Amino acid sequence: MRRLVFGLAAVAAGALATAAVAQQAPPPGLPTPRINHAFPAGAKLGTAVEVTAAGFDLDEPTGLLFSHPGIKGEYVAPKPPEPDPKKKDQPPPKAVPIPPTGPHKFKVTVDAAVPPGTYDVRFVGKWGVSNPRAFVVGELPEVAEKEPNNDVPEAQKIEIGTTVNGVIANPTDVDYTVFAGKRGQRVVISCLASGIDSRAHPMIEVFDTAGRKLALSRAYREADAVTDLVLPEDGDYYVRLFEFTYQTGTPDHVYRLTISTAPWVDAVFPPAVEFGKPAQVTLYGRNLPNGQPTGFTVDGRPLEKVTVSVTPPADPLAAQQLAVRDLIEPVTALQDGFEYRLKGPGGLSNPVPIYFAREKLVLKKNEGGTKAETAEPLAIPAEVAGMLHRRGDRDWYSFDAKKGDGLTIELTAERNLSPADFFFNIYAPADAKAMTKIRDLSGEIDDDADPQTMSLHPTEFYTRTSDPPAYKFTAPADGKYLVAVGSHHSSFLFGPQTAYRLRVGPARPDFRAVVKPYAKSFQTGSAGRQDGTEAYEVFVHRTDGFIGAVTVTAEGLPAGVTAKPTVIGPAARWGVLVLDVGPAAAAFTGAITVKATSAADGKPLVREARPASVTWGSQPGQNVPVVSRLTQTLVLAVRPEKGFFKVAADPANAVVKPATGKEEKVAGPIVVRQGDKVTLPVKTTWAGADKPNVTLVAELMSQNPQTTPITVQVATQPTKDKPDVTVTMDVKPTALPGVYGVVIRGDSQVAFVRDPMGKQKANVPATAFAAPVEITVIPTSLAKLTPGQIPNGVVKIGMTGELVVKIERQYDFAGEYKVKFVPPTGVVGVTADEMTVPAGKDEAKLVFKAAADAKPGAVSNGTIVVTAVYGGKYTVTHEAKVNFSVAK
């Protein structure tokens, strides 16, 4: 249930509060730029603003890089002090050096043609490019917070229709803002914090001049706050903004406070539309042009509604993307959709996502369907959009299915930004007409509790939600079935915030991929070194039973940088893409693209991996999810600094050790059977005279090392005296057949001098990656054989007898089987013609013949041999024993 998710969030929040202090020191390792904040975190389109950036390893800045080309960030070098006119013949004064933590200043210019929205900004400097921070382009005038503003007499005066960029500088910092308004104006007050990658958890309160509290908000969405009020009279109104609980406050606690009469959209219904088809949706929110009252509220504030027409994108590539210029958290990151904004007299609304349905979309009727006997019928396949209209509602749907029909039933709510905790049950009515008696076929389908599937990654990209997992339903008989949708929060939460999608239809195997810089527990960007490696983690989200191998490639790489494709094997969820930076690769900073390809149902699947980044890290080893989000680009940096060591696997000299039989040296690609082992030579080379020890490990393919399809053991680690070692790759007997990519990582402590003029070396962690090694696993079996009996167990001489062999296909093998009979040694005159089981069929009928010279007696342990060809070239053999007699 959702309270468990809340509990985890609370634990994570506590850990981050601790990390806020701990991360005042830079993370261990070679320098790589990391920014904690860029302030102000936005600007009005068509203007220029001075932005400061602070963090770690921000040496020798060259500029800021934005995810939109219409936003430029030019470095503003510090000016040297004016020379003392009283002193003659003095050398020209030098600027005061800025430490690697910053802050550095930049002139940011926003072109007037840039669409309003949230973009990524990154620091670019000597060591590479940093992690992103959010930068909002708005259409309203912007001002900087002016201190002192800690009490009512010092309140900063602004006009309605203004954004204030501020900082909660210390735990007890309180910022007052005052605006003048007219009676009857509905004013929306929003404060972005987590939405701009801030550490702040602000609370806002609104007072009139008499000190009466009129509105308040916190944690509207994550740490952002939103409230509104209809001004009761002409006059001034005060907004009090502070850190909730007064526990923290630093320069990283930035915020954007906007006070306006622009629309604010809280929910969209339906939350999804069909791709490429214009549709009408109802917006629920505040200050909506021509908005009508709804009777619903959010945080006690009344909502209006208005119906608008939306035109989804028609480009086929857009059907596989989530194109929203706003914060996209892991929970919603695996949906597909687009952005919508509503224009009002006071400006544009906040951006809201509208998702794509996976089946034909139908809308639940407002009335009826809240009891089993009034269940709303669905013509499947279908995707129905509904909401809980009243307190305690439970929505019922019915559908018809034939015996053996396999269906996927999926309910999406939190992934559509709903705060409700949904569940569903599947029932079969005992009386198809009255539906007064029903039996529960599924039990309550609630949160996904499987640690292997409930989150894409347990710490680096935490996607767990309160939505139930997709349910595989097989109709036990012809008839009508019911689905009942409910929420654990329905006693207090109902209305448009409870919008959900229920999909009932055949499985549609597919996947989405997420790619992020390789960095455990910390935010990072890219700092590729010549003659070194740069790595990216790739996570595969599999839906509707998709288990295919996924090949990951990089596109748009600069000259001198290459990447061997890596394969995330069948049903595996994690992989590492390794970029090899050549010794002469030129300096580079720019976006690259990662593609993931596979196939399902004979059709190719090509998906662009969605870039992601850690926003705020946690201390390593705590097993606490970091704060992360999607980013708009994946950026690579190459610098002339050299790598310290390299790790190279040598698959051409690998040796396969079969579970049975003799070991064989690899001749070409590595091909093994389930249960085999492979010894792989690995060589370490060092760039300099220092040759520290290196520890080799293999990157995991799934969360549980005990269930990973291929494990790697390193008996002896490389040293300067023995740089060549072998690792043993153990292919589990349960490994699914297919291609896997195994990536070996080398960790070491290297002597590093940050300042070339310095003399003291520091030992810091460094990492290198070997190119992925491909292993093709072929099955030991593609079928389970069940031979039947020859009638009466006897074949008479000169006659025939028929035997049926049942074949249970394995691993979705759909090809043909060759079936033959091999008599026991010494048995002559007993034969059966070889036959072929066509693709898709599951039995063979062997006709046994006893020739005239056949000897009467028992035929014991005759062998049925069934062969199949896997992957078009690997023969898999199966055997089953049969016994019968030959008689006169």
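**Figure 1. The buried salt bridge between Asp228 and Arg286 in the predicted model.** Asp228 and Arg286 are both buried, and the model shown here and in the following views is a predicted one. The two residues form a salt bridge in which the closest N and O atoms are 2.9 Å apart. Asp228 belongs to strand β17 (residues 225-230) and Arg286 to strand β22 (residues 279-286), so that the pair links distant parts of the chain, 58 residues apart. Asp228 and Arg286 also take part in a network of salt bridges with Arg186, Asp266, Arg301 and Glu304. The count of salt bridges comes to 47.

**Figure 2. The salt bridge between Arg508 and Glu359.** The side chains of Arg508 and Glu359 meet at 2.6 Å, N to O. This pair links distant parts of the chain, 149 residues apart. Arg508 is in the loop between β39 (500-505) and β40 (510-517), and Glu359 is in the loop between β29 (352-356) and β30 (361-363). Arg508 is partly exposed, with a relative accessible area of 36%. Glu359 has 7% relative accessibility and therefore counts as buried, the limit for buried being under 20%.

**Figure 3. The salt bridge between Lys849 and Asp833.** The side chains of Lys849 and Asp833 meet in a salt bridge with an N to O distance of 3.5 Å. Lys849 lies in strand β70 (residues 843-850), whereas Asp833 lies in the loop between β68 (830-832) and β69 (835-837), so the pair ties together parts that are 16 residues apart in sequence. Because its relative accessible area is 35%, Lys849 is partly exposed.

**Figure 4. The open sheet of five strands that includes β67 and β69.** The strand order is β65-β72-β71-β67-β69, and the pairing is mixed. Strands β65 (794-796) and β69 stand at the edges with a single partner strand each, so one side of each has no neighbour in the sheet. Neighbouring strands are turned by 40° against each other on average, direction ignored. Strand β67 (residues 817-822) and β69 run antiparallel and are joined by three bridges. Opposite Tyr817 stands Val837 of β69.

**Figure 5. The open sheet of three strands β57-β61-β62.** Its pairing is antiparallel, in the order β57-β61-β62. The edge strands, β57 (694-698) and β62 (762-769), each pair on one side only. From one strand to the next, the twist averages 25°. Strand β61 (residues 744-752) is joined to β62 by eight bridges, and these two strands run antiparallel. Arg745 has Phe769 in β62 as its bridge partner.

Figure 6. Thr162 lies in strand β12, which covers residues 162-167. The relative accessible area of Thr162 is 7%, so this residue is buried. Its side chain reaches the backbone oxygen of Glu159 at 2.7 Å. Apart from neighbours within four places in sequence, Thr162 is in contact with Leu140, Pro141 and Val143, and with Leu257, Thr258 and Ile259.

**Figure 7. The aromatic pair of Phe106 and Phe123.** The whole structure holds 22 aromatic pairs. In one of them, Phe106 and Phe123 are arranged edge-to-face, with 6.2 Å from centre to centre and 85° between the planes. Phe106 is in strand β6 (residues 104-110) and Phe123 in strand β7 (residues 117-125), and the pair links these distant parts of the chain, 17 residues apart. Phe106 and Phe123 are both buried. Ring pairs also bring in Tyr75, which forms a cluster with Phe106 and Phe123.

Figure 8. Ala210 has its place in the loop between β15 (202-208) and β16 (213-218). Ala210 and Val743 are separated by 533 residues in sequence and by 67 Å in space, C-alpha to C-alpha.

Methods: Residues numbered from 1 in each chain as written. Predicted model: local features only at pLDDT ≥ 70, side-chain atom pairs only at ≥ 80, totals over all residues. Heavy atoms only, no water. Salt bridge = Lys/Arg side-chain N within 4 Å of Asp/Glu carboxyl O. Helix = DSSP H or I, 4+ residues; strand = E, 2+ residues; numbered from the N terminus. Buried < 20%, exposed > 50% of the residue type's maximum accessible area, 1.4 Å probe, protein only. Pairing = 2+ DSSP bridges. Axes fitted to C-alpha atoms, helices over the stretch in contact; angles between N-to-C directions. Polar contact = N/O pair within 3.5 Å; in protein donor to acceptor, adjacent residues only side chain to side chain. Contact = heavy atoms within 4.5 Å. Phe/Tyr/Trp six-rings, centres within 6.5 Å; stacked < 30°, edge-to-face > 60°.
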